[in-house]
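Try each task before you read its solution.

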Amino acid sequence: MAHAALHGLYWLMTSLLLLGPAQADGDSMGEQREALVEVVAQQLKTWKDGPPEPVVLKALRTVPRHEFVPRAQRRFAYQNRPLPIGYGQTISQPFIVALMTDLIKPGPGQKILEIGTGSGYQAAILSAAGAEVFSIEIVPELGEAVEDRFERLGYAIETRIGDGYYGWEAHAPFDAIIVTAAAGHVPPPLVDQLKVGGRMVIPVGPPFLTQQLMVIDKTEADRIRSRQLLPVRFVPLTGGPD
Ligand code: SAH
């Protein structure tokens with residue numbers, strides 16, 4: 001009896017020791033994520049002069065950004081800034097992800113194409129918002145890593161390794177297209193693959209300098225309306241005809 005009790009106590013203490021730090025780590029990530037959502041919500045509210053789309057905040061609360069950055073960057077995962085993900089690429093600043101997501105208001109029944117999968121974070125946010133997501137990445141190593149990540153974390157996102165300049169004809173047309181690398185011009189194939197009434201969000205401008213985040217609405221089959229939103233800095237869109 002005494003032996004069994006001691007054994008039980010030993011087991012309990014060992015479990016606490018083993019589970020303790022991991023549990024604490026998970027909790028602190030959750031708290032840090034919540035704090036980040038507050039910061040981003042405030043920034044978005046100031047910028048828009050109105051409340052953020054609820055779906056954006058919900059998605060930000062759900063997606064574990066620390067799972068999308070290299071191990072060495074994990075402790076910075078819930079800071080409001082871009083982080084290196086290898087191969088000279090970056091995971092975008094959470095505010096920019098939130099803003100681009102807010103602009104396209106993703107939801108169930110929507111088909112969205114992303115160019116530049118990178119870490120997969122932006123795609124996961126769109127998927128968490130209920131949209132059907134397709135994403136193209138040009139760096140094979142990143143494209144392969146992100147496929148494993150989506151599978152491990154349970155995101156049903158279709159990915160492809162290739163040049164996103166040309167879009168994804170087989171799944172076109174899309175309700176929205178989000179380009180997360182800086183393009184010198186708006187790729188015509190992407191405009192073609194956008195539905196009438198659809199919207200594209202894309203940073204346009206010279207590589208390695210400041211670009212303009214642009215919102216492009218396809219108002220008719222052969223007509224677009226575009227506006228510049230704010231200066232941003234993205235890694236360059238490679239590939240294309242140039
Ligand atoms: N959306 C990403 C941001 C990644 S940075 C995230 O949430 O982490 C931009 C990515 O675009 C890089 O991974 C880069 O390799 C990729 N890229 C650049 N040019 C591309 C192209 N022509 N087609 C597809 N991906 C491209």
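**Exercise 1.** Which residues of helix H2 (residues 54-62) are buried?

*Solution.* First, some ground rules. This is a predicted model, in which local features need pLDDT of at least 70 and side-chain atom pairs count only at pLDDT 80 or more, while totals for chains, interfaces and linings use all residues. Residues are numbered from 1 along each chain as its sequence is written, and side-chain values use heavy atoms, without hydrogens and water.

Helices are DSSP runs of H or I, at least four residues, numbered from the N terminus. Buried means under 20% relative accessible area, exposed over 50% (1.4 Å probe, protein chains only). In H2, Val56, Leu57, Ala59 and Leu60 are buried.

Next, look down the axis of H2. The buried residues fall within an arc of 160°, so they line one face of the helix. The arc is that of the directions from the helix axis to the C-beta atoms. Pro54 and Lys58 are exposed on the face turned away from the buried side.

**Exercise 2.** Find the residues closest to the ligand.

*Solution.* Count residues with a heavy atom within 4 Å of the ligand. There are 27 around it, and the closest are Ser119, Glu137, Asp163, Gly164 and Thr238.

Now check polar contacts (pairs of N or O atoms within 3.5 Å):
- The side chain of Ser119 has an N or O atom 2.6 Å from a ligand oxygen.
- Asp163 places a polar side-chain atom 2.8 Å from a ligand nitrogen.
- Gly164 has a polar backbone atom 2.8 Å from a ligand nitrogen.

Finally, consider area. Alone, the ligand exposes 580 Å², and the protein buries 99% of that. Areas come from the Shrake-Rupley method with a 1.4 Å probe.

Conventions: A residue is near a molecule or strand if one of its heavy atoms lies within 4 Å of it. A polar contact is a pair of N or O atoms within 3.5 Å; within protein, one must be able to donate a hydrogen and the other to accept it, and residues adjacent in sequence count only if both atoms are side-chain atoms. Helices (H or I, at least four residues) and strands (E, at least two) are DSSP runs, numbered from the N terminus.
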